[in-house]
Protein chains: 2
Amino acid sequence: MLSTKRPHRAGAGGRTAPPEQRRQQLIEATIRCVAKRGLADTTIATVAREAGLSQGIINLHFRSKERLLTETLRYLADEYRNACRTAAAAAESSPVAGLLAMVDLDFRRGICARDKLAVWFAFWGERKFRPTYRRICAARDKSYDDMVRAMCTQLCQQGEYPGVEPALVADGLSALTDGLWLDLLVRPESMSRELARRITMSYLADVFPRHIRQPVASSGS
Amino acid sequence: MLSTKRPHRAGAGGRTAPPEQRRQQLIEATIRCVAKRGLADTTIATVAREAGLSQGIINLHFRSKERLLTETLRYLADEYRNACRTAAAAAESSPVAGLLAMVDLDFRRGICARDKLAVWFAFWGERKFRPTYRRICAARDKSYDDMVRAMCTQLCQQGEYPGVEPALVADGLSALTDGLWLDLLVRPESMSRELARRITMSYLADVFPRHIRQPVASSGS
DNA sequence: GCAATGAATGAATGACTATTCAATGAACGT
DNA sequence: ACGTTCATTGAATAGTCATTCATTCATTGC
């Protein structure tokens, strides 16, 4: 009773690992598996194999396949929301900096990695039918919307943009980002993170010309 | 051998119907079923029940469940492309009319009905993993892109918009539309076809201010 | 009417998969 | 070393679902 319950072993591949590490390992295997095979062909067996572990491990650490999927979605949502904090911090110096940070974030490698996009869209397809998915996604959406809307509102006050409705711009930016994510996933040959960034910046530059200027357009073929 | 093989019976609910009519009936049942329960919970049994027919009927008229799903996707893609012809016709009088017709089309009731959006996104989630889905979607995307890109190019030539790259605008418009469709599906309480139309028009008005003017913004609550 | 045709049915089949649990063995305290 | 604990395994189980096919029955031609 004196000893502090030490982790059994440090390495990830060990035969026995602390629960939190196994859960993380399985969530990452789930992401790779969904990205490789789609949600429909993702089974307990394929995830376990991807993780290099046995079938039973998933029902041991998560209570069911459904919970594994839910936790995987929650993991991605949390990751996104944590990254948002950086943008929120930038917004404190100026709304423009905040918006630029958001665009940067949305098309940063770690956030819109192909594997993760595949998972997002796999879940979005089922979102309407699973209350749990819906809750997790709605929470993520809300924090995004609130932030971007606040930035746009500030910018409109500073810049005298009479024709611009902040709520509309925020909804538009959110929709544009989602659509570009979809392109990145399903048409990687004609969409890149860099191009997506330029399209988004061009949108913002059109709306807030006195605050945001898009980088000089290089020649398009 | 003399008689022309007549349709067995006219009514849809009859015990015997011409094959083409049964196929159509089953495709419509599939759309309702996917919209109501999601792709994951759409089974041969649920579709057959939705259509008011027996289990075996699907393997009789389509060779497998997979083919039923493929044909359903193809049906939606064809419907969209047919609707595009209207916009293509409008574009012949002027590119502005063409763009307006496209926006009109994308947020018209028949095209972005909730049931159909649910099916689109269900398939988009699996698109990456099924070559057949990919082909059908890619064909639809291409006809959209080609059309919109041509309209934007014409407009840029007519209007002297030095900073505007037609390809970028077309990609952006396409992404924006997809993103708004997603909102219409998963957040109907905060997105309507009318609002989506306004957001899209506001985007176009920002890009082509000398050709497209957005309707006066009514107060946003 | 009557036989022939083939559309439609739905119970039976076989494949697949989530979940369980008895057996295994690694890690730790003594 | 040795026994205890508990993470892990993987074969067995139970359930679901696509597909098949022998049977039923509406329709048509004669």
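Biologist: Why is Tyr144(B) called buried?

Modeller: Buried is the word for a relative accessible area under 20%, exposed for one over 50%, and partly exposed for what falls in between, with a 1.4 Å probe and only protein chains considered. Tyr144(B) has 5% relative accessibility, and therefore it counts as buried. The model is a predicted one, in which local features need pLDDT of at least 70 and side-chain atom pairs count only at pLDDT 80 or more, while totals for chains, interfaces and linings use all residues. Residues are numbered from 1 along each chain as its sequence is written, chains are lettered from A and ligands numbered from 1 in the order in which they are written, and side-chain values use heavy atoms, with hydrogens and water left out.

Biologist: What makes up the surroundings of Tyr144(B), and which residues is it in contact with?

Modeller: Contact means that heavy atoms lie within 4.5 Å. With its neighbours within four places in sequence left aside, Tyr144(B) is in contact with Tyr80(B), Met102(B), Asp106(B), Leu173(B), Ser174(B) and Thr177(B).

Biologist: Trp120(B) is another residue to look at; how do you know whether it is buried or exposed?

Modeller: Trp120(B) has a relative accessibility of 2%, so it counts as buried. Trp120(B) has its place in helix H6 of chain B, where it touches Leu73(B), Leu76(B), Ala77(B), Cys137(B), Arg140(B) and Trp181(B), not counting residues up to four places away in sequence. Trp120(B) and Trp181(B) are 61 residues apart along the chain, yet their C-alpha atoms are separated by 9.5 Å.

Biologist: What makes Ser190(B) partly exposed?

Modeller: Ser190(B) has a relative accessible area of 38%, and therefore it is called partly exposed. Its place is in the loop between H8 and helix H9 (193–207) of chain B, and it touches Asp171(A) and Leu195(B), not counting residues up to four places away in sequence.

Biologist: How do you know that Glu160(A) is exposed, and what is particular about its phi?

Modeller: The relative accessibility of Glu160(A) is 59%, so it counts as exposed. Its phi is positive, at about 55°, although Glu160(A) is not a glycine, and the residue is found in the loop between helix H7 (131–159) and helix H8 (166–186) of chain A. In chain B, Glu160(B) is likewise exposed, with a relative accessible area of 59%, and it has a positive phi of about 55°.

Biologist: How do you know how chain A and chain B are related?

Modeller: Copies are superposed by least squares on the C-alpha atoms of residues with pLDDT of at least 70 in both. A rotation of 180° with 0.0 Å of shift along its axis places chain A on chain B, with an RMSD of 0.1 Å. The two copies are therefore related as by a two-fold rotation axis. The same surface serves both copies, since 100% of the contact residues of chain A recur in chain B.

Biologist: What makes up the secondary structure of chain A?

Modeller: Helices (H or I, at least four residues) and strands (E, at least two) are DSSP runs, numbered from the N terminus. By that rule chain A has nine helices and zero strands. Of its 221 residues, 51% count as buried.

Biologist: How do you know that the length of helix H4 in chain A is close to what is expected?

Modeller: The expected span of a helix is 1.5 Å times one less than its number of residues. Helix H4 (residues 65–93) of chain A has 29 residues and reaches 44 Å from its first C-alpha to its last, which is close to the 42 Å expected. Its buried residues include Leu69(A), Leu73(A), Leu76(A) and Tyr80(A).

Biologist: What makes H8(B) mostly covered?

Modeller: In H8(B), 20 of its 21 residues are buried, and that is the sense in which this helix is mostly covered.
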